[in-house]
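Please keep the sequence and the structure in view while reading.

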Amino acid sequence: MTSQKGRLIIVAGPSGTGKGTVENAIMAKFPEIQFSVSVTTRPRRDYEIEGQHYFFISKADFLQRIERDELVEWQEVYSKNGHYYGTLRSYVDSALEQGKQLLIDIDIKGGINLKKAYPDHSVSIFIEPPSLEALEQRLINRNTDSPEQIRIRLDRMPEEMLLGKQFDYTIVNSELNEAVNAFTEILENEMHQQQRSI
Ligand code: 5GP
């Protein structure tokens, strides 16, 4: 591994596991870790800022970028009305060249593909719920999904947990502080490994 380069911290997990909360806590704790901004065709939410949360682009623009091979990975995310999400190759490459650490919030299959594209400059972390029951309760409390959508999400869990085995690390998010500590340990562990390989 070339230590001069930066690192991709790839984070994925079934929706409702609270990965966003863990990620925000990690970025607050480590200001040097920068959020990776993806491109998407989904409409911007009120609180979101162009270029900070996502680059919001049209479907035609997205398809052209696929054609021009500008995306290192992309997915059509069905749970989001079939909107497209993708990681810009130039964005990731320039961050790595500058020695930055990028935190990439991504869907599970996208995370696996990204890890394959940057095997030596990435660590992949799968965030899972403590149990199916806990996930169901979180989805009910979140109040953003209909009972039918919740059922669909829960039915997908076994397959998602299987895909999760392809990640370098798994964190069970039952309690935020514990999850953040486990995440911190992973980052420290990775840093030591990187130093040993210089
Ligand atoms: P949201 O619309 O809630 O921001 O994100 C929906 C899903 O798309 C989440 O699972 C998120 O991790 C995923 N996602 C965000 N950016 C990317 C990306 O660049 N590539 C892929 N494959 N998934 C992404």
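A residue is called buried when its relative accessible area is under 20%, exposed when it is over 50%, and partly exposed in between, using a 1.4 Å probe and protein chains only. By that rule, 44% of the 198 residues of the protein are buried. The model is predicted, so local features need pLDDT of at least 70 and side-chain atom pairs count only at pLDDT 80 or more, while totals for chains, interfaces and linings use all residues. Residues are numbered from 1 along each chain as its sequence is written, and side-chain values use heavy atoms, with hydrogens and water left out.

The secondary structure consists of seven helices and nine strands; these are DSSP runs numbered from the N terminus, with helices being H or I of at least four residues and strands E of at least two. Along the principal axes, the C-alpha atoms fill a box of roughly 50 × 40 × 30 Å. Of the contacts (heavy atoms within 4.5 Å) with a separation of 6 or more, 67% are between residues 24 or more positions apart.

Side chains of opposite charge can pair when their charged atoms come close. Counting a salt bridge as a side-chain nitrogen of Lys or Arg within 4 Å of a carboxyl oxygen of Asp or Glu, the model has twelve salt bridges. In one of them, aspartate 105 pairs with lysine 19, with 2.9 Å between the closest N and O atoms. This pair links distant parts of the chain, as aspartate 105 is in strand β7 (residues 101-105) and lysine 19 is in helix α1 (residues 19-29), 86 residues apart. Lysine 19 is buried at 15% relative accessible area, whereas aspartate 105 is partly exposed at 28%.

Another salt bridge joins aspartate 69 and arginine 89 at 3.1 Å, N to O. Aspartate 69 is in the loop between α2 (59-67) and β5 (71-77) and arginine 89 is in helix α3 (residues 89-97), so the pair ties together parts 20 residues apart in sequence. Glutamate 70 forms a salt bridge with arginine 68, where the closest N and O atoms are 2.6 Å apart. Glutamate 70 is partly exposed at 24%, and arginine 68 is partly exposed at 48%. Both belong to a network of salt bridges that links Asp61, Arg65, Arg68 and Glu70.

Grid points are joined across faces, edges and corners, and a volume is the space filled by probe spheres set on the points. The search finds one cavity of 30 Å³ or more. Pro14, Ser15, Leu135, Arg153, Arg156 and Glu160 line the largest cavity, and helix α6 (residues 147-164) gives the largest share, three residues.

The largest pocket has a volume of about 1,700 Å³. Its lining has 49 residues, and those closest to the centre are Ser15, Lys19, Tyr54, Lys80 and Asp105. Lys19 and Asp105 are also the partners of the salt bridge at 2.9 Å.

Terms used. On a 1 Å grid over the protein atoms alone, a cavity is a set of points where a 1.4 Å probe fits but cannot get out, and a pocket is an open set with protein on both sides within 12 Å along at least five of seven lines; lining residues have an atom within 4 Å of a point.
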